[in-house]
Amino acid sequence: MVTKLKRVFQIGLVLLFGGALQAGAQAGLSQVWVPDLGNGTYKNPVLYADYSDPDVVRVGSDYYLTSSSFNAVPGLQILHSKDLVNWTIIGAVFREQPPVAEFRQLQHGNGVWAPAIRYHNKQYYIYYPDPDRGIYVTRASNPAGPWETPKLIKEAKGWIDPCPLWDEDGKAYLAHAFAGSRAGFKSIIAVSRMSADGLSVVGDDALVFDGHANHPTIEGPKFYKRRGYYYIFAPGGGVATGWQTVLRSKNVFGPYEDKVVLDQGKTAINGPHQGAWVDTPDGKEDWFLHFQDQGPYGRVVHLQPMVWKNDWPVIGTDPDGDGKGEPVLTYRKPKVPGAAQPLATPATSDEFGSTSLGLQWQWHANPQSGWAFPNGPEGYLRLYAVPLPTNFKNYWQVPNLLLEKVPAETFTATTKLTFVPRADGEKVGLMMMGLDYAYVSVTSQNGQWRVAQSICRDADKLTLETGTVPVLLPPAKGPIYLRVQVTAGARCRFSYSLDGQRFEFVGEEFKAREGKWIGAKVGLFASRNGKSNDAGNVDLDWWRITP
């Protein structure tokens with residue numbers, strides 16, 4: 001019966017958005033943000049989610065995108081598109097971040113910083129920095145995976161944002177920046193030689209550009225070559241308010257000229273910078289993907305048209321003709337070969353009908369055995385209540401948070417679950433996580449269920465939670481539903497229901513806040529106090545993102 005109901009729900013989505021589109025794509029289509037307007041145009045952001053520091057490569061008629069994943073795993077998620085507008089998640093580079101044992105402990109904001117994805121010698125390469133350890137590389141013959149275990153090719157504290165370039169003569173180079181928090185200096189770009197296979201850094205690191213004077217905090221370099229010029233696309237000016245700088249030289253080690261080719265201009269799109277230049281398969285059009293920092297919504301991804309003038313790129317539109325573009329909110333779609341692509345968006349909802357976790361889900365640290373068990377044939381995901389840390393102050397310290405990126409400015413997240421506690425203090429919650437966080441939870445205590453909202457502000461400082469007076473319920477014989485409704489400004493209202501129809505609000509309105517280098521994330525957890533030889537569990541029937 002459960003399986004039939006889920007199938008009816010999926011068919012309903014197809015009917016809602018139109019039978020002319022492929023049912024497979026439509027079953028997973030977002031109900032809250034679709035960038036393809038269906039008339040040959042699109043709206044920004046093309047990815048309304050925290051795919052920060054995006055990089056993209058085109059191979060034939062396919063585009064592949066990856067982005068920073070920091071401490072979240074599976075890490076380095078891979079997205080695919082045929083037209084730069086309709087994107088789906090197809091995999092991730094790793095399920096455990098190296099060093100595996102160290103990242104079983106929470107390390108907010110550490111781990112994978114800005115990566116680069118390239119295709120060379122019939123293999124996909126991803127270079128990424130760990131600012132505390134150095135530069136890693138991984139390869140795959142299929143971008144959906146499997147990927148090689150990441151290899152540390154340069155041990156260096158503070159090296160960040162690597163990007164390779166293979167020259168026509170077979171020589172290989174690596175551009176990168178520096179994190180002031182680790183290196184003790186920043187705002188410069190350096191280039192190193194690499195072995196021809198790209199698997200080792202050789203020789204000395206050479207300074208090629210100093211941005212202190214005109215491009216403070218220059219970082220995130222992307223390395224290209226075109227018509228005899230070496231180009232380094234690099235953002236300057238900081239995450240929320242910066243601009244896109246492009247450097248060019250006839251020599252790989254410089255000297256480099258610099259030019260601002262995109263900034264906010266007269267638009268409302270703050271800090272449009274850091275991303276990837278790609279072209280269409282016929283080479284006739286150029287496009288640029290970049291992020292915009294939207295605070296609790298994370299660094300969402302925009303797509304801009306791009307043209308070349310006097311061997312300089314102009315990104316976005318240039319109404320005054322000064323060679324410096326400003327971003328667009330809507331525009332015609334890229335002209336790519338073949339029929340129009342079916343609408344597609346990264347997964348957000350989950351019917352838990354698989355024997356593996358949905359590709360949108362990430363843990364806050366390397367997962368441990370027993371946190372979650374998919375049971376696809378019966379249509380649910382089981383979470384076991386995991387003991388809280390012995391020094392527990394708040395959930396900033398808890399790694400077993402099953403979360404996904406916030407999927408749009410406004411949305412509702414609802415889950416249907418069955419709670420089977422086995423000891424007092426076991427708890428299941430639906431959480432909006434960040435530097436401030438809040439959740440609605442059900443706790444088993446003294447033969448009763450207690451439904452309450454909890455809020456923690458400045459969680460990273462290990463402040464204590466505050467909570468509402470709990471609603472006391474007898475243990476439910478059937479499912480219970482938890483919900484958060486998010487309105488403009490990332491304002492959240494939490495509620496619960498016993499029948500899935502009538503929802504009762506719990507607590508006060510909560511304004512979501514970003515995490516450490518990431519946007520807020522929404523999802524679920526199950527926890528308990530202390531250790532024993534058994535644990536209660538939560539069976540998640542479904543998770544749905546709706547308007």
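1. Before anything else, the pairing rule: two strands count as paired if DSSP finds at least two bridges between them. Strands (E, at least two residues) and helices (H or I, at least four) are DSSP runs, numbered from the N terminus. With that in hand, H290 stands opposite H302 in strand 20.

2. Some housekeeping. This is a predicted model, with local features needing pLDDT of at least 70 and side-chain atom pairs counted only at pLDDT 80 or more, while totals for chains, interfaces and linings use all residues. Residues are numbered from 1 along each chain as its sequence is written, and side-chain values use heavy atoms, with hydrogens and water left out.

3. Strand 19 (residues 286–293) and strand 20 (residues 299–309) run antiparallel and are joined by eight bridges. They belong to an open sheet of four strands, in the order 18-19-20-21, with antiparallel pairing. Strand 18 (273–279) and strand 21 (312–315) have a single partner strand each, so one side of each is left without a neighbour in the sheet. From one strand to the next the twist averages 35°; such angles run from 0 to 180 degrees between N-to-C directions, with axes as lines fitted to C-alpha atoms.

4. Another open sheet of four strands has the order 10-11-12-13, again with antiparallel pairing. Its edges are strand 10 (159–166) and strand 13 (201–210), each pairing on one side only. Here the twist averages 25° from one strand to the next. Five bridges link strand 11 (residues 172–178) to strand 12 (residues 188–194) in the antiparallel sense, and Y173 sits opposite R193 of strand 12.

5. The UniProt record (an unreviewed entry) annotates residues 349–545 as "domain: Beta-xylosidase C-terminal Concanavalin A-like"; bear in mind that annotations may be inferred rather than shown by experiment. The span is 0% helix and 48% strand, and its end C-alpha atoms lie 5 Å apart.

6. Now have a look at strand 30 (residues 448–456).

7. Who are the partners of strand 30? Nine bridges join it to strand 29 (residues 437–445), running antiparallel, with I455 as the bridge partner of A438. The hairpin of these two strands has two residues between them, and N446 takes a positive phi near 55°. Strand 32 (residues 471–473) pairs antiparallel with strand 30 over three bridges, and V451 stands opposite V471.
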